[in-house]
Amino acid sequence: MTRATAARAPRGPGRSRGPWADAPAHQTLVREHNLALVLSRIVEADAPPTRAQIAQGTGLTRATVSDLVETLVDAELVTELAPRAGERAGRPGVPLAPARRTVVGVGAEVAVDHLGVTVVDLTGMSVTQRIVEGDFRLSRSDKVLDRLGRLLASVVTEVKAQGMRPAGVCLAVPGLIEHPSSILRYAPNLGWTDVAVLDQLARASGVTGVRWTAGNDADLSARAECRARARVDGRPVTEQNFVYIGGFVGIGGAVVRHGSVGAGTHGWGGEIGHSPVHPEGPDCSCGATGCLEQYAGLLALLRNAGLPATESVQAVVDLLDAPAPGPERAMAALMEAASALGRAASTMVNIVDVGTVVLGGFYAPLIDLVGPRIQAELDRRVLGARWQPVRLERAIVDELPTLQGAAVTVLETVLAMPASWDTNVMNP
């Protein structure tokens with residue numbers, strides 16, 4: 001079944017944490033740096049700033065800012081709004097905003113229970129989104145990627161026909177993506193090993209003239225969450241620090257430090273779903289035993305609640321209002337999952353030393369049920385909790401966070417290198 005929506009994505013992709021800081025460069029790459037600096041101030045602003053406000057905030061001269069803005073407007077990255085009268089006498093200031101529906105990022109996803117494609121513009125709005133539901137466990141990668149490729153091709157054709165220019169495609173998968181090769185080394189729930197996912201998807205879609213990247217589903221969800229939290233709490237992206245744990249049929253995890261996802265040497269960091277909870281526990285699809293997914297993954301939750309594997313997590317919640325023994329079995333399954341999640345999260349927090357655990361995916365709406373047990377484990381097992389308590393919080397991005405994160409990641413490259421995203425690069 002295919003459904004098309006136009007959902008709200010996290011507002012603004014946020015500034016790339018690339019080689020540029022928050023002040024003008026004075027040596028090499030001066031113009032590129034300053035273009036990125038000005039564009040980031042426009043994209044991340046709570047209210048559309050004027051040229052004068054950007055000059056005041058960056059330390060650049062008014063003349064330099066005006067020149068840079070003109071370049072960004074010509075590249076269709078920035079748009080000018082209606083002038084507004086200022087407090088001082090003189091010419092009214094012209095507010096500047098990210099351009100709508102011009103340069104866009106495309107996110108694509110292979111999940112165990114769906115395929116998806118979304119397109120996000122520089123304002124952070126998802127301009128189109130399509131989801132195909134299905135069961136892709138132990139599937140053939142070529143057939144699945146062919147199907148996703150056709151979906152991707154139709155979406156890209158649609159947005160190009162409307163005058164939008166895709167800057168790139170980021171593919172999200174639930175497994176180990178090796179950097180920089182973008183080879184999917186292992187996705188246990190899909191049953192895929194050593195798959196050149198980007199090459200296959202690019203061939204299947206026929207989409208050319210864009211930059212292709214790939215990432216782990218939880219890492220991309222955490223990137224979307226990072227930017228959403230910065231917007232909500234008013235602190236910069238660089239001040240965001242948390243452990244992200246998401247229920248995505250399996251259990252995904254990521255560590256965010258100073259606004260960046262700690263992917264590790266090969267890009268495989270944060271794989272909390274396959275951390276051991278009980279070494280002698282049930283066999284896991286990864287080949288080990290007693291992994292967190294065998295206690296807190298969707299299939300484990302359904303199995304322990306006495307429900308078929310085809311049900312959703314909502315069926316577990318519905319059991320709480322069913323006749324006996326439904327409520328007892330459902331609550332027991334939820335508490336076993338919560339205990340396992342709490343132990344695994346405590347281990348990660350002890351290692352990376354952050355003060356917040358964010359619960360996402362299908363566990364986000366269950367936080368009132370499982371949260372107290374998870375919090376109790378964190379309070380008990382995190383060594384530093386008696387001095388600096390660890391907070392458990394619900395994820396802000398609760399609708400397809402992986403897809404949103406994939407599309408926003410594409411736009412980060414635009415923000416980092418705006419001079420390279422001219423018409424010749426985006427539509428060769």
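## Around Arg229

Setting aside neighbours within four places in sequence, Arg229 is in contact with Gly234, Gln240, Phe242, Thr356, Val358, Glu393, Arg394 and Ile396 (contact means heavy atoms within 4.5 Å). Arg229 itself sits in helix H6 (residues 217-233); helices (H or I, at least four residues) and strands (E, at least two) are DSSP runs, numbered from the N terminus. Arg229 is buried, with a relative accessible area of 8%. For the cut-offs: buried means under 20% relative accessible area, exposed over 50%, and partly exposed in between, with a 1.4 Å probe and protein chains only.

## What kind of model this is

This is a predicted model, where local features need pLDDT of at least 70, side-chain atom pairs count only at pLDDT 80 or more, and totals for chains, interfaces and linings use all residues. Residues are numbered from 1 along each chain as its sequence is written, and side-chain values use heavy atoms, with hydrogens and water left out.

The protein's mean pLDDT (the predictor's confidence in each residue, from 0 to 100) is 88, and 90% of its residues reach 70 or more. Residues 1-17 have pLDDT below 50, and that stretch makes 67 contacts in the model beyond near neighbours in sequence. Residues 424-428 are below 50 too, with 11 contacts counted that way. Where pLDDT is low, the predicted coordinates should not be read in detail.

Axes here are lines fitted to C-alpha atoms, for helices over the stretch in contact, and the angles run from 0 to 180 degrees between N-to-C directions.

Now for strand E15 (residues 356-361): five of its six residues are buried, so E15 is largely enclosed by the rest of the structure. Strand E12 (residues 242-248) runs parallel to E15 and is joined to it by five bridges, with Tyr244 partnered by Val358 of E15. E15 also pairs with strand E16 (residues 391-394), in the parallel sense over four bridges, and there Val357 has Leu392 of E16 as its bridge partner.

## The three-stranded sheet

An open antiparallel sheet is built from three strands in the order E8-E9-E10. Strand E8 (176-178) and strand E10 (192-195) are its edges, each pairing on one side only. Neighbouring strands in this sheet are turned by 15° against each other on average, ignoring direction. Three antiparallel bridges link E8 to strand E9 (residues 183-187), and Ile177 stands opposite Leu184 in E9.

Which residues of helix H2 (residues 51-58) are buried? The list is Arg51, Ile54, Ala55 and Thr58. They span an arc of only 100° around the axis, so they lie on the same side of H2; the arc is that of the directions from the helix axis to the C-beta atoms. The buried residues of H2 pack against helix H1 (30-44), helix H3 (62-74), E2 and strand E3 (96-98).

Val78 is in strand E2 (residues 78-80) and counts as buried at 3% relative accessibility. Beyond its neighbours within four places in sequence, the contacts of Val78 include Leu39, Leu72 and Leu96.

Most residues other than glycine have a negative phi, and most peptide bonds are trans. Two residues here go the other way on phi. Asp194, in strand E10, has a positive phi of about 50° and is partly exposed, with a relative accessible area of 48%. Asp353, in the loop between H10 and E15, has a positive phi of about 60° and counts as exposed at 61% relative accessibility.

There are cis peptide bonds to check as well. The bond from His179 to Pro180 is cis, with omega near 5°, and Pro180 lies in the loop between E8 and E9. Another cis bond joins Ala324 and Pro325, with omega about 5°; Pro325 is in the loop between helix H9 (313-319) and helix H10 (326-352).

Methods
Pairing = 2+ DSSP bridges.
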